Amino acid sequence: TSTAEVGRVLPLYLIGMIGMASMSILSRGFYSLRAFGTSARLGLIVIAFYILLCGLLVPRFSYLGIGIAYAIYWNFTFVLYGIVLGRRIGAGKFWSNTDLAFGLKVVVSAIISGFAVNYLWSLINGSLGSLPGMILSAGVGLSIAVFFYLFVFRFDEMTILKRALTNRVEI
């Protein structure tokens, strides 16, 4: 069915959302520098890249090609904007090794959580109904991501958040 086909593409869109959400931060950097032209030119470049990706992937993978192109497009856009913005502000190397390691840990956690949610959704979709199944799947995915953040990758930010939630530290 078409609903099942859309469900197969959603994990790809979630991977793309990592770059898309990050872009909402980076794009503001260009506006704060009043570099409207740079942002517009980059926008044209990445849209052309997306059209090219869709042209290459859709004939081969059908609707999944759009999801693959979306995931690649947004993450490529984030990296490109980050490099250009870093050069624009004179930061030299925009991402340190620590930043890259942090980003990789977030991406790994998101992918593992996405696969877990996809697998759980395939198991419970018919038995619980759509809304309870989505809520349960999202809760499990979030729990897995938090587990990775706290216990596997041990992000300092999560420890600070945990203390703030238990009223031990003011943010």
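Helix H2 is followed by Ser-62, whose phi is positive, near 60°. Helices here are DSSP runs of H or I of at least four residues, numbered from the N terminus. The model is predicted, so local features need pLDDT of at least 70 and side-chain atom pairs count only at pLDDT 80 or more, while totals for chains, interfaces and linings use all residues. Residues are numbered from 1 along each chain as its sequence is written, and side-chain values use heavy atoms, with hydrogens and water left out.

The average pLDDT (the predictor's confidence in each residue, from 0 to 100) is 78 for the protein. A score of at least 70 is reached by 80% of the residues. Helix H2 has the highest mean, 92. The lowest, 67, belongs to helix H6 (residues 156–165).

Several H2 residues are buried (under 20% relative accessible area, with over 50% exposed and partly exposed in between; 1.4 Å probe, protein chains only). These are Thr-38, Ser-39, Leu-42, Gly-43, Val-46, Leu-53, Cys-54 and Leu-57. Their cover includes H1 and H3.

A nonpolar core is a set of buried Ala, Val, Leu, Ile, Met, Phe, Trp, Tyr and Cys residues joined through side-chain atoms within 4.5 Å. The largest has 12 residues, among them Met-23, Phe-30, Leu-42, Val-46, Tyr-70, Trp-74 and Tyr-81. Helices H1 (2–32), H2 (36–61) and H3 (63–88) each supply at least two of its residues. H3 gives the largest share, six residues.

Aromatic rings of Phe, Tyr and Trp (its six-membered ring) pair if their centres lie within 6.5 Å; planes under 30 degrees apart are stacked, over 60 edge-to-face and the rest tilted. Phe-30 and Tyr-81 pair edge-to-face, at 5.4 Å centre to centre and 85° between the planes. This pair links Phe-30 in H1 to Tyr-81 in H3, 51 residues apart. Both residues are buried. Tyr-70 and Trp-74 have ring centres 6.4 Å apart and planes at 70°, so this pair is also edge-to-face. Both lie in H3, four residues apart, about one turn of the helix. Tyr-70 is buried at 13% relative accessible area, and Trp-74 is buried at 18%. Ring pairs join Tyr-13, Tyr-50, Tyr-70, Tyr-73 and Trp-74 into a cluster.

Technical notes
Contact = heavy atoms within 4.5 Å.
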